[in-house]
Protein chains: 2
Amino acid sequence: MANTKKRSECPISNSLEAWGDKWSLLIIRDLMFKGVCTYGDFMKSPEKIATNILASRLLDLEENGIITKEIHPENRTKFLYKLTEKGINLFPLIVEINLWAEKYYPVPEERKEMLEEIHKDKEAFIKNGMAKLRE
Amino acid sequence: MANTKKRSECPISNSLEAWGDKWSLLIIRDLMFKGVCTYGDFMKSPEKIATNILASRLLDLEENGIITKEIHPENRTKFLYKLTEKGINLFPLIVEINLWAEKYYPVPEERKEMLEEIHKDKEAFIKNGMAKLRE
DNA sequence: TAAATTACTTGTACTTTGCAAGTAATTTTA
DNA sequence: TAAAATTACTTGCAAAGTACAAGTAATTTA
């Protein structure tokens with residue numbers, strides 16, 4: 001993941017080198033749905049990422065300019081991770097993944113409302129969602 | 001990749017288990033842009049996938065119902081790989097990846113025309129592109 | 001001031017990947 | 001029609017990545 005040599009000039013290939021593994025998009029998902037997270041928040045996710053992998057992925061995403069890390073304003077033992085504009089711009093992609101998955105896998109209860117909203121007005125959902133992340 | 005145990009019920013996580021690695025979406029990209037491919041066609045792609053990885057990914061994608069494999073009608077030493085409806089439905093995702101990458105990486109000359117089309121009328125581009133793949 | 005939190009790092013075993021070489025079934029060429 | 005070439009793989013092995021368990025340093029809470 002912390003690879004430096006480009007495989008090709010292809011936009012798909014370049015993208016995959018930034019977030020194309022089993023874990024990165026889950027970290028990005030958490031940041032999009034929960035807004036801002038600490039290391040411990042990521043560890044609580046149901047997929048149970050190994051702690052060393054999480055540390056490695058957070059560093060990779062930071063190096064790729066997709067997330068930033070800053071000191072928690074209320075507790076100096078914590079750090080806050082948040083999406084950069086580059087990360088926020090992955091929002092439409094996450095929406096499309098949800099739409100694809102909806103067709104082929106059972107949708108968990110807590111995502112049904114979101115999918116309903118997307119179906120009502122996808123453009124509005126994306127616009128509002130991204131605006132909230134920029135606050 | 002040929003993992004069977006679900007990490008969670010999350011649509012993003014389920015999707016990543018089907019195509020969330022460094023190579024699968026490149027195979028899908030080739031099938032979308034070239035229409036139908038043989039093993040050798042995939043090997044010619046600029047990213048230079050290792051032959052054992054390609055064989056493994058093709059099998060995984062087939063097992064996940066994203067591609068099919070059939071005998072080449074004109075040459076019995078070859079096989080034709082093509083996208084299923086499930087695979088074709090990844091088209092909007094591939095479009096969004098291209099749009100994201102356009103913002104952050106140099107766009108290769110041969111993709112500029114496509115991106116122009118997408119910007120003119122994204123919905124139409126997706127509709128037409130998917131229709132062509134179904135022919 | 002001791003115990004708990006938080007965000008990691010380290011060690012080790014296991015799995016996956018990447019590269020090189022080899023093989024079986026055709027198909028083409030001489 | 002026999003030898004060479006094509007095609008789609010498989011196999012072996014070293015290197016890299018992943019998973020799990022345990023440990024640590026800097027605060028913060030009790």
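User: Contact here means heavy atoms within 4.5 Å. How many residues of chain A are in contact with chain B?

Analyst: Quick ground rules: this is a predicted model, where local features need pLDDT of at least 70, side-chain atom pairs count only at pLDDT 80 or more, and totals for chains, interfaces and linings use all residues. Residues are numbered from 1 along each chain as its sequence is written, chains are lettered from A and ligands numbered from 1 in the order in which they are written, and side-chain values use heavy atoms, with hydrogens and water left out. On the chain B side, 43 residues take part, and the number for chain A is 43.

User: How much area do chain A and chain B bury between them?

Analyst: Buried area is the accessible area (1.4 Å probe) that two parts lose on being put together, summed over both. Carbon and sulfur atoms carry 67% of it, and the total is about 4000 Å².

User: How many salt bridges does the rule find across that interface of chain A and chain B?

Analyst: The rule wants a side-chain nitrogen of Lys or Arg within 4 Å of a carboxyl oxygen of Asp or Glu. Across the interface of chain A and chain B, the count is zero.

User: Which chain A side chain has a polar atom 2.2 Å from a phosphate oxygen of DNA strand C?

Analyst: Among the residues that come nearest to DNA strand C are A:K69 and A:Y81. The 2.2 Å distance to a phosphate oxygen of DNA strand C belongs to A:Y81.

How values were computed
A residue is near a molecule or strand if one of its heavy atoms lies within 4 Å of it. A polar contact is a pair of N or O atoms within 3.5 Å; within protein, one must be able to donate a hydrogen and the other to accept it, and residues adjacent in sequence count only if both atoms are side-chain atoms.
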